[in-house]
Amino acid sequence: MGSLFRSEEMALCQLFLQSEAAYACVSELGELGLVQFRDLNPDVNAFQRKFVNEVRRCDEMERKLRYLEKEIKKDGIPMLDTGESPEAPQPREMIDLEATFEKLENELREVNQNAEALKRNFLELTELKHILRKTQVFFDEQEGGVNQTTESMTRALITDEARTAGASMGPVQLGFVAGVILRERLPAFERMLWRACRGNVFLRQAMIETPLEDPTNGDQVHKSVFIIFFQGDQLKTRVKKICEGFRATLYPCPEAPADRREMAMGVMTRIEDLNTVLGQTQDHRHRVLVAAAKNLKNWFVKVRKIKAIYHTLNLFNLDVTQKCLIAECWVPLLDIETIQLALRRGTERSGSSVPPILNRMQTFKNPPTYNRTNKFTKAFQALIDAYGVASYREMNPAPYTIITFPFLFAVMFGDLGHGAIMALFGLWMIRKEKGLAAQKTDNEIWNIFFGGRYIIFLMGVFSMYTGLIYNDIFSKSLNIFGSHWHLSYNKSTVMENKFLQLSPKGDYEGAPYPFGMDPIWQVAGANKIIFHNAYKMKISIIFGVIHMIFGVVMSWHNHTYFRNRISLLYEFIPQLVFLLLLFFYMVLLMFIKWIKFAATNNKPYSEACAPSILITFIDMVLFNTPKPPPENCETYMFMGQHFIQVLFVLVAVGCIPVMLLAKPLLIMQARKQANEEVQPIAGATSDAEAGGVSNGGSHGGGGGHEEEEELSEIFIHQSIHTIEYVLGSVSHTASYLRLWALSLAHAQLAEVLWTMVLSIGLKQEGPVGGIVLTCVFAFWAILTVGILVLMEGLSAFLHTLRLHWVEFQSKFYKGQGYAFQPFSFDAIIENGAAAAEE
């Protein structure tokens with residue numbers, strides 16, 4: 001749990017492995033997932049590394065598996081996924097896997113080629129069957145009609161010269177071609193024939209009703225049968241070229257009816273035989289794919305593990321004897337023993353007699369940041385890392401965000417009913433998380449919801465709590481303890497006056513409500529908004545100031561951990577004093593006003609004499625003299641208030657030059673002294689310089705060795721930091737007013753939905769009223785979930801995220817580190833599966 005508050009301590013280690021044991025040891029480290037290897041060959045091309053051939057073999061095996069996967073998905077065959085992760089195979093097993101994949105691919109490609117050839121043949125026979133059937137209509141006319149048709153076509157197709165020549169040579173014989181063409185090409189095909197042949201052809205066409213399957217891609221296409229009559233070899237050549245250009249398929253069609261019938265019978269027989277062979281081919285293909293589907297997931301895991309191992313081995317160096325591999329890696333300090341045990345297991349598996357050596361190295365390099373998480377804290381850590389990965393050993397905001405994030409969300413979203421809907425949805429995802437996690441989906445929105453299921457559940461639970469505090473459930477209240485107010489109006493006054501206000505002097509019992517708000521405020525029409533407005537505005541400022549002070553206190557842990565004495569004395573203390581003397585003092589004034597000025601008190605401490613907190617704060621900062629109070633009222637809330645306020649402002653203003661100049665001047669003085677004395681040992685720095693130029697700066701985070709920063713840059717950086725903090729204290733305090741604004745907006749939207757939608761159904765009576773209420777309730781429920789829970793919830797979530805990233809984390813968190821990315825089979829396989837699905 002300690003690494004959740006601050007990242008794990010990391011060590012840079014040097015690893016020596018025997019060549020025969022390297023594969024097995026890296027495999028064990030991949031299963032462990034606790035080692036991040038450094039590339040010791042950054043200048044070596046990827047194609048010149050030692051194990052590039054093995055990586056290429058893995059790529060080829062992965063290609064074959066993707067081909068098998070595509071064919072399996074095409075046939076809709078389910079792939080067996082046991083959820084288990086097999087161990088990485090030994091190098092000698094690669095040959096068996098390659099042979100298996102090669103055999104399956106060749107067999108499947110051969111089956112596909114045979115099936116495609118059979119389908120192409122089947123398509124040709126089917127088209128020929130339709131041609132023989134459709135053209136029979138063209139030739140099979142009534143008795144005596146054939147001569148008339150031939151004579152009419154002859155007159156239409158021959159010219160005067162041809163008619164003259166035909167008179168001397170005998171009757172004219174017409175040629176014809178028959179074929180099949182895509183239906184959408186037919187109009188253009190007909191126009192081209194007419195123009196190219198100058199109208200000397202006669203075209204007849206008929207549509208094929210059933211779509212035909214394209215053997216190349218399996219698509220369904222619509223085609224039409226055509227027959228073209230022409231005269232002469234010249235037109236025949238021209239017609240065939242046009243058919244070829246439009247990719248029309250021509251088939252032989254006998255002229256004699258008996259020959260056509262005989263051919264049709266032969267075609268039908270061959271089609272039946274082809275159907276039988278096609279069925280057997282598909283059955284064989286299905287059996288091959290079903291057998292492959294049982295092992296495909298495990299094969300993918302094995303190949304990806306082998307490939308990852310050889311990729312990692314390519315990061316290593318060879319020693320001069322070519323018998324030992326040398327690696328450098330970042331490891332968590334607490335897990336060194338676990339890593340050494342894994343290395344011993346790998347050595348035993350490989351049969352090597354030489355044990356591996358893991359040496360810890362001294363380094364000035366900046367280590368990676370590793371925050372150990374579980375399924376609950378992972379989502380909160382992801383929120384922090386989305387802003388920026390923490391610098392090494394910097395204070396981690398995630399554990400505090402677990403409480404503050406859902407709480408600030410709930411302040412804006414406070415409603416018992418809406419919070420219950422959100423909490424139940426989160427609880428359902430938590431209860432079903434194993435089954436839902438197993439169902440891989442490409443829906444990004446669902447993946448985001450499921451990944452943040454614990455955040456959603458906590459936001460719902462906290463919203464239920466604040467809903468009880470506000471006494472608000474779907475814009476109505478719960479009357480649990482009764483009301484501590486008693487109306488002094490009679491019935492006629494209540495019925496005749498639309499705007500009535502509660503009078504604390506006469507209507508209030510004087511005892512506070514046991515828990516939350518009194519339910520009477522839900523029906524207090526005139527001063528309900530005024531009361532809620534003042535109450536929620538003040539608690540927003542109170543929560544905001546406390547949240548910011550907590551952020552400044554967190555920076556103290558960074559300064560003390562990195563022994564940054566200058567930042568601790570001349571940044572942390574002035575920042576805390578500035579925030580306490582101005583803004584925390586304003587919070588104290590709110591509590592004093594609540595306690596001291598009550599409506600039931602006598603003057604000068606009555607509600608009418610209560611001064612404005614905002615005006616008091618403005619007069620305090622500007623050193624203005626307060627305006628004279630009303631008669632019988634006092635100017636100040638407590639004795640000595642004016643002197644204390646002036647003192648607080650002067651001290652707070654005095655903190656600004658301390659934050660601005662103290663640190664740069666001390667660093668400059670320390671460097672001047674260092675130059676006058678003997679040059680220090682290389683790598684050593686004074687306390688002042690370490691505080692000024694460390695990687696973490698004012699917020700810590702170091703561990704790295706960096707060159708000295710220019711004094712001008714230090715002054716500029718400190719000026720920016722000081723101005724940002726001083727102005728940010730004002731703007732950040734005002735930014736927390738979004739808690740008040742969104743809370744009021746959410747409550748008013750809920751009240752509008754109740755008043756303008758659901759109350760309409762509740763006013764109906766009788767059987768018709770039940771039907772109307774059902775319809776109205778359904779509409780109200782859709783609007784409630786869609787607008788108030790989803791849209792308002794998303795809005796409150798984003799505002800809460802901003803309050804944490806900007807207002808809270810800016811006080812102590814720099815987020816300038818880089819994440820620890822260990823060599824882990826689980827992460828590699830998960831990323832590989834996600835990439836394959838995309």
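This is a predicted model: local features need pLDDT of at least 70, side-chain atom pairs count only at pLDDT 80 or more; totals for chains, interfaces and linings use all residues.
The structure holds one cavity of 30 Å³ or more. Its lining is formed by Tyr 470, Asp 472, Ser 475, Gln 522, Lys 528, His 532, Lys 536, Leu 744, Ala 747, Gln 748 and Glu 751. By class, three of these residues are nonpolar, four are polar and four are charged. Two helices, α20 (528–561) and α26 (738–762), each supply at least two residues of this lining. The greatest share comes from α26, with four residues.

The lining includes Tyr 470, and helix α17 spans residues 453–470. Helix α17 has 18 residues. From first to last C-alpha it reaches 25 Å, close to the 26 Å expected at 1.5 Å a residue. Of its 18 residues, 13 are buried, so α17 is largely enclosed by the rest of the structure. Asn 471 belongs to the loop between α17 and α18 (491–496). Its relative accessibility is 6%, which is under the 20% limit, so Asn 471 counts as buried.

A positive phi also occurs at Arg 393, another residue other than glycine, with a value near 65 degrees. Arg 393 sits in the loop that joins α12 (377–387) to α13 (398–413). Arg 393 is buried because its relative accessible area of 12% falls under the 20% cut-off.

Across the protein chain there are 28 helices and eleven strands. The chain has 838 residues, and 44% of them are buried. Among contacts with a separation of 6 or more, 82% link residues 24 or more positions apart.

The largest nonpolar core has 67 residues. Within this core, Leu 582 and Phe 583 have the most contacts. Helix α21 (residues 565–596) gives the most to the core, with twelve residues. Beyond its neighbours within four places in sequence, Leu 582 is in contact with Phe 617, Met 620, Val 649 and Ala 652. Another core, of 61 residues, lies apart from the largest one. Its members include Leu 29, Leu 68, Val 331 and Phe 825.

Leu 29, a member of that other core, is also one of the buried residues of helix α2. Helix α2 covers residues 19–32 and has 14 residues. At 1.5 Å a residue these should span 20 Å, and the end C-alpha atoms are 21 Å apart, so the two values agree. Helix α2 is mostly covered, with ten of its 14 residues buried. The buried set consists of Ala 21, Ala 22, Tyr 23, Ala 24, Cys 25, Val 26, Ser 27, Glu 28, Leu 29 and Gly 30. An α-helix has 3.6 residues a turn, so residues three or four places apart point the same way. In α2, the buried residues run from Ala 21 to Gly 30. Gly 33 follows α2 and has a positive phi, near 70 degrees.

How values were computed:
Residues are numbered from 1 along each chain as its sequence is written. Side-chain values use heavy atoms; hydrogens and water are left out. A nonpolar core is a set of buried Ala, Val, Leu, Ile, Met, Phe, Trp, Tyr and Cys residues joined through side-chain atoms within 4.5 Å. Buried means under 20% relative accessible area, exposed over 50%, partly exposed in between (1.4 Å probe, protein chains only). Contact means heavy atoms within 4.5 Å. The expected span of a helix is 1.5 Å times one less than its number of residues. On a 1 Å grid over the protein atoms alone, a cavity is a set of points where a 1.4 Å probe fits but cannot get out, and a pocket is an open set with protein on both sides within 12 Å along at least five of seven lines; lining residues have an atom within 4 Å of a point. Grid points are joined across faces, edges and corners, and a volume is the space filled by probe spheres set on the points. Ala, Val, Leu, Ile, Met, Phe, Trp, Tyr, Cys and Pro count as nonpolar, Asp, Glu, Lys and Arg as charged, and the others, Gly among them, as polar.
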